[in-house]
Amino acid sequence: MDKLKSYLNQGISFVREAWAELGKVHFPSARETIQATTVVVTLALLMAVWLGLMDMIAGRGVRWLLG
C-alpha cells in the first residue's frame with residue numbers, strides 16, 4: 001500500500017511540476033507566427049530556386065561532356 005501511495009505522490013508531483021513549467025512557456029502571438037512562417041516559406045522558395053538552377057546547370061554540363 002505504501003508503494004501505491006508513493007507512486008500516486010510521484011504522479012501528483014509530476015503533474016504539479018509540469019503545470020508550473022507550462023506557465024513559463026512563451027506562446028508566440030499571431031503576428032510572430034505569421035512573421036516566422038513568412039521567413040520559412042521565403043527561404044524554402046529561395047532554396048528551391050537555387051537547387052533548381054544548380055540542377056539545370058549540372059544537367060547541361062553533363063550533357064555537354066557526354067556530347
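Helices (H or I, at least four residues) and strands (E, at least two) are DSSP runs, numbered from the N terminus. By that definition, the secondary structure of this protein comes to 2 helices and 0 strands. The radius of gyration of the protein, taken over C-alpha atoms, is 27 Å, well over the 11 Å that the globule rule (2.2 Å times the number of residues to the power 0.38) gives for 67 residues, so the protein is more spread out than a compact globule.

This is a predicted model, in which local features need pLDDT of at least 70 and side-chain atom pairs count only at pLDDT 80 or more, while totals for chains, interfaces and linings use all residues. Residues are numbered from 1 along each chain as its sequence is written, and side-chain values use heavy atoms, with hydrogens and water left out.

The C-alpha trace spans about 85 × 35 × 10 Å along its principal axes. Burial is judged by relative accessible area (buried under 20%, exposed over 50%, partly exposed in between, with a 1.4 Å probe and protein chains only). Buried residues make up 0% of the 67 residues. The accessible surface, computed by the Shrake-Rupley method with a 1.4 Å probe, where for residues only the protein chains shown count as cover, comes to about 6500 Å², and 71% of this belongs to carbon and sulfur atoms.

Helix 1 covers residues 2-22, and Lys 3 lies in it. Lys 3 is exposed, at a relative accessible area of 59%. Ala 18 also belongs to helix 1 and is partly exposed, at 36%.

Helix 2 covers residues 30-66 and includes Met 47. Just after helix 2, Gly 67 takes a positive phi of about 80°.

Two C-alpha distances relate separate parts of the chain. Ala 18 and Val 41, 23 residues apart in sequence, are 33 Å apart in space. Lys 3 and Trp 50 are 47 residues apart along the chain and separated by 61 Å.

Trp 50 is also one member of a nonpolar surface patch, together with Met 47, Val 49, Leu 51, Leu 53, Met 54, Met 56 and Ile 57. Patches take residues with over 30% relative accessible area and no salt bridge, joining like charges within 9 Å and nonpolar side chains (Val, Leu, Ile, Met, Phe, Trp, Tyr) within 5 Å. This patch has about 780 Å² of accessible area together. Met 47 is partly exposed, at 46%.

Side chains of opposite charge can pair when their charged atoms come close. Counting a salt bridge as a side-chain nitrogen of Lys or Arg within 4 Å of a carboxyl oxygen of Asp or Glu, the total is 1. Lys 24 forms a salt bridge with Glu 21, with the closest N and O atoms 3.1 Å apart. Lys 24 is exposed, at 63%, whereas Glu 21 is partly exposed, at 45%.
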